[in-house]
Structures are given as structure tokens and as C-alpha cells.
Amino acid sequence: MVDDVVFARNLLLGIQEGFECFERSANGHRPQFFISVLQSTRLYDAETNVHHGTFNHRAPVMDCTFQEDYVAFIGGLDGQVKRQDFYRRADVLLGTHHKPVKCVEYLKEHGLVASAGWDKMLHLWDPRLPQFQNCVTSISLPGKAYTMSQTHTKLVVGTSERKVRIYDIRSVHSGRAEQHRESSLRHQTRCIRCFPDGTGYGLSSIEGRVAMEYFDLGKEAQEKQYAFKCHRKKDGVKEIVYPVNALAFHPSHGTFATGGCDGIVSVWDGENKKRLSQISGYPTSIAVMDFSRDGHLLAVAASYTFEMGDMSHPEDGVYVRRMQDTEVKPKPRKQL
């Protein structure tokens, strides 16, 4: 275990509010990160530690997604879905849910924004159309939306009651899910993130477990699925089990990181089913995290997630750390 958080930069020194989300840009040439800090959203250049701007909100922001390097879409506790342009300082309402919006994704190849909320609805918005005419599809979900991720062709939504819905983005306008699934884990879903190669997704739960699942329903693909325990600690004869709040896949190596309420980040080689590295020393729970698009940086938001109820807790922070190849690159298998 490496206790080297001291080698990471904290983008938000002095901020004492909770984090709901942050997202890395998938465009341009700079490692931009878009951060939601309670009732504000901020844009940072993670390479130079430059703060590009802030928008304040009347309610906490629950999720965010980039359209371009300086433009993002957000969903909030007030049920609003907005487009925010940090370059032009424009804040535009796309539409609303009847209850809080938990997840947003920008479907780049179609120019659409997907939002999923606690009202058990998935909406698709076309930001090119006039307001009040821009909701192009509305789909009922089997429960409250908790997490959402996408590939080039699939949109995956995890809801309450451990339900998972998989939509083909090319035909999502029909409102029909391509697959109806239930999580292979026995407890509430916390996070879903799709594989970089688009063949499946990782799913984490509140009970210290992670599952790897594949879209292909064929026997060969389904036999590759697996689940494992993580983010646990022995306390005498008892085992303390921590929720796994965050998953992030390395964009080129295919390895992945998990972050839990134990304040630890672990990096895993899923192909060989081994842990590559572990980073401790974060002051509190890992709330969200993501790699930069080139995989050189890992941004981690440490923020108490109230898993132990309302209590005093350490100061929150977003830590940006340059990763070494030995921490994220799979080790070659030994030849027999």
C-alpha cells in the first residue's frame, strides 16, 4: 500500500462543501476537469491548476458531463438540466424532471443529452432545438436512477432495486431497452462505468464488491463475468465492509480503479484478476474519481458521503495525482 497522497495536488484547498460529481473532458488538448461542489460548478485545468470559472446554483448539482472543453451539461437536486458555457458565461435551461436529476450523459455522435432522475424517468434532450420543444424521448425506468454510463452504442442505467437497463443508443428513441438486467451483486448499486472497449461494464455496490459484466449474452462472454470483494478491513474477529462509491477505467490500458468509503484507491488488472497498486492517505471517503483522457492523471474527490450518519469529518478535497506506469499498466504474464 502506498501512502502518497502528499504527492497529489489538492485543487480545492479550503473548500468545506461536499462533492457530488466531477467529469473529465474527452476533447481538446488540455486535461480539464469539471467539478461540482455542493451548490456551485467549477472548471479547472488539471495540468496547470488554473480555475476557469464558477457557476452558482440554488440547489446542489448531482452530475455533469462535457460537450466541449469549456461547455458542460449538469443535472441538479432541483430537477433542472442545464447547459453551461464557461467561455461565454452562459447558463441555459434545457428542461426539468419532477424530482432530482441524478445522472447526465452527452451522447456526442447524436448531439443529444441523456438525463435520468429520481422520478424514475430517462429523458433525451436535443440542445439544438428551442426550449420546451427539445425533449425528444421520455422513457420510464424501473426505479430511481442512481448511476449511468455509455459506450459509442450503449447507454447503461443502474436504478434502485438493483435493476439495470441497457439501451442501444442508435434506437433509444423507441423507448425500448435492449436488455433488462438485475445486478449480480446482492446489495444496492452505487456506480456503473462502461469498459473502454465497449464490450461491457463494471458495477460496484454498497457492500464492498465489484462485478464485471458483458453485453454479449453468448455463453463464451457470460463465462468471463466475475465479481470480487474489495475495500474491506479486519477489526479483530470482525470485518468492516465499505461501500465502493467510484469506478474509473484507464483509457488505454483497460485497468480500472476503485474508490471506497475507507479512503483508499485501488488499481486492478481485470484481465489477470490482480491488484496493481493501492493509494491510501485520503482524509475521508472517496466520493468520485476519473482518469484524464490520456490516463496520466487521476483526479480523486475525497468527501464524506454520510455512510456513518451526520458527524464531524475531515475537510473535503480534490486530489490530482500523476500516475506511474507501474501503478496502472498490466504486468505481462509469465511464460511457462
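A residue counts as buried when its relative accessible area is under 20%, as exposed when that area is over 50%, and as partly exposed in between (1.4 Å probe, protein chains only). The structure is a predicted model, in which local features need pLDDT of at least 70 and side-chain atom pairs count only at pLDDT 80 or more, while totals for chains, interfaces and linings use all residues. Residues are numbered from 1 along each chain as its sequence is written, and side-chain values use heavy atoms, with hydrogens and water left out.

**View A. The salt bridge between E178 and K154.** A salt bridge is taken here as a side-chain nitrogen of Lys or Arg within 4 Å of a carboxyl oxygen of Asp or Glu, and the count by this rule comes to 13. In the pair shown, the closest N and O atoms of E178 and K154 are 2.4 Å apart. Because E178 sits in the loop between β16 (163–168) and β17 (179–182) whereas K154 belongs to strand β15 (residues 154–159), the pair ties together parts that are 24 residues apart in sequence; helices (H or I, at least four residues) and strands (E, at least two) are DSSP runs, numbered from the N terminus.

**View B. The salt bridge between K163 and E182.** The closest N and O atoms of this pair lie 3.2 Å apart.

**View C. R232 and E207 within a network of salt bridges.** The side chains of R232 and E207 meet at 3.5 Å, taken from N to O. R232 lies in strand β22 (residues 232–235) and E207 in the loop between β19 (200–205) and β20 (209–214), so this pair ties together parts that are 25 residues apart in sequence. E207 is buried, its relative accessible area being 16%. The network that links these residues comprises E207, R209, R232 and E239.

**View D. The surroundings of H250.** H250 is found in the loop between β24 (244–249) and β25 (256–260), and it is buried, with a relative accessible area of 3%. A polar atom of the H250 side chain lies 3.1 Å from the backbone nitrogen of H253, and the side chain of H250 also reaches the backbone oxygen of G295 at 3.2 Å. With contact meaning heavy atoms within 4.5 Å, and without counting residues up to four places away in sequence, H250 touches P196, T255, F256, F291, D294, G295 and V328.

**View E. The open sheet of four strands β10-β11-β12-β13.** The strands follow this order with antiparallel pairing, where two strands pair if DSSP finds at least two bridges between them. The edge strands, β10 and β13 (135–140), each pair on one side only. Neighbouring strands are turned by 15° against each other on average, direction ignored, with axes being lines fitted to C-alpha atoms, for helices over the stretch in contact, and angles running from 0 to 180 degrees between N-to-C directions. Five bridges join β12 to β13, and L122 stands opposite I139 in β13.

**View F. Strand β11 and its two hairpins.** Six of the six residues of β11 (residues 112–117) are buried. In a regular strand the side chains alternate between the two faces of the sheet. In β11, L112, A114 and A116 point one way, while V113, S115 and G117 point the other way. Strand β10 (residues 101–107) pairs with β11 over six bridges in the antiparallel sense, with E105 opposite A114; four residues lie between these strands in their hairpin, where G111 takes a positive phi near 70°. On the pairing of β11 with strand β12 (residues 121–125), also antiparallel, there are four bridges, and S115 stands opposite H123. The hairpin of β11 and β12 has three residues between the strands, and K120 takes a positive phi near 65° there.

**View G. The largest nonpolar core, with 17 residues.** A nonpolar core is a set of buried Ala, Val, Leu, Ile, Met, Phe, Trp, Tyr and Cys residues joined through side-chain atoms within 4.5 Å. The residues with the most contacts inside this largest core are V265, Y282, M289, F291, V300 and M323. At least two of its residues come from each of β24, β26 (265–269), β27 (274–279), β28 (286–291) and β29 (297–302). Another core, of 16 residues, lies apart from it and has L112, L155, V157 and V172 among its members.

Notes
Polar contact = N/O pair within 3.5 Å; in protein donor to acceptor, adjacent residues only side chain to side chain.
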